[in-house]
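Subject: Structure handover

Hello,

Please find the structure below, with its sequence. My notes on strand pairing and salt bridges follow.

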Amino acid sequence: LSDAAALTYNVQASEKPCFFTWADKPGKKIGFYFAVQQGGSFDIDYAVTGPDGVSILSGEHERQGDYVFTANNVGEYAFCFSNDMSTWSDKLIDFEILLENEARAQFQNAEQPVETLTQMEEIMFRLSGSLANIQRTQRYFRSRENRNSATVISTKSRISWFAWLESVAIISMATLQVFVIKSFFKSKKGGV
C-alpha cells in the first residue's frame, strides 16, 4: 500500500518552495525523487526535514536524487527546494514523494498451505521491487534525455550564431581585400 505524488514544478529565481507529506505512523518508508529538467546549470539545492525540524536529507547544486528513508516520527515531513544561487534563471523540476507502508498482508486460506502463499508473496514483492527499479531507471534516462536535449539545442544555437558571424567576417575580409588590391593598381593623374 502506498501513496504517491509526482509533480512538475517551475522554481522561480531566488524562490524556496516546500512540499509536505504526512506520516500517520512510525516505520513508513518515504521515497523522494527529483530531477532538474530545465534551467541554468540543471542544479538545485534541496532539504528534507522531519516533523521535529531535524534535517533528514540535504544537498547543494544537485542535478537529481533518489532517496528512501524511514519515517521514525509521526507528523509532517517537508521537502524544500531552493533556487537562491540563481538570480535570473528558473528551474523546471520533476519530483515524486512516495509514502509506503511495507506491512505484508497475511492471507489465510484453508485450501492452500501457508508455504505456497508465502512463496507467492515473496515472488510478488520481488516483482514489485524490480518494477520500482525499472521505474527509477526510466526516470533517470528521461531526465538525462531532457538534459542532453537542452545541451544539443544550446550547442546548435551557438554553432548557428558562430557560422553567421564567420560568414560575415569572411565576406568583410574579401571585400576589404578587393578594395586594397584595387587601390594598388589605381593610377594617379599627373604623377610618374
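This is a predicted model: local features need pLDDT of at least 70, side-chain atom pairs count only at pLDDT 80 or more; totals for chains, interfaces and linings use all residues.

Strands E3 and E6 (residues 64-71) run antiparallel and are joined by eight bridges. Two strands count as paired if DSSP finds at least two bridges between them. Helices (H or I, at least four residues) and strands (E, at least two) are DSSP runs, numbered from the N terminus.

Residues are numbered from 1 along each chain as its sequence is written, and side-chain values use heavy atoms, with hydrogens and water left out.

E3 also pairs with strand E8 (residues 91-100), in the antiparallel sense, over nine bridges. Here Ala35 has Asp94 of E8 as its bridge partner. E3 itself spans residues 28-38 and is mostly covered, with nine of its 11 residues buried. Buried means under 20% relative accessible area, exposed means over 50%, and partly exposed is in between (1.4 Å probe, protein chains only).

Now the salt bridges. Side chains of opposite charge can pair when their charged atoms come close. A salt bridge here is a side-chain nitrogen of Lys or Arg within 4 Å of a carboxyl oxygen of Asp or Glu. The structure holds six of them.

One of these joins Lys91 and Asp43, with the closest N and O atoms 3.3 Å apart. Lys91 is in strand E8 and Asp43 in the loop between E3 and strand E4 (44-49), so the pair links distant parts of the chain, 48 residues apart. Both Lys91 and Asp43 are buried.Three further residues, Asp66, Glu96 and Arg139, are linked in a network of salt bridges. Asp66 and Arg139 meet through their side chains at 4.0 Å, N to O. Asp66 lies in strand E6 and Arg139 in helix H1 (residues 114-185), so this pair ties together parts that are 73 residues apart in sequence. Glu96 forms a salt bridge with Arg139 too, the closest N and O atoms being 2.1 Å apart. Because Glu96 lies in strand E8 and Arg139 in helix H1, the parts tied together are 43 residues apart in sequence.

Arg139 is buried, with a relative accessible area of 16%, and Glu96 is buried at 18%.

Regards
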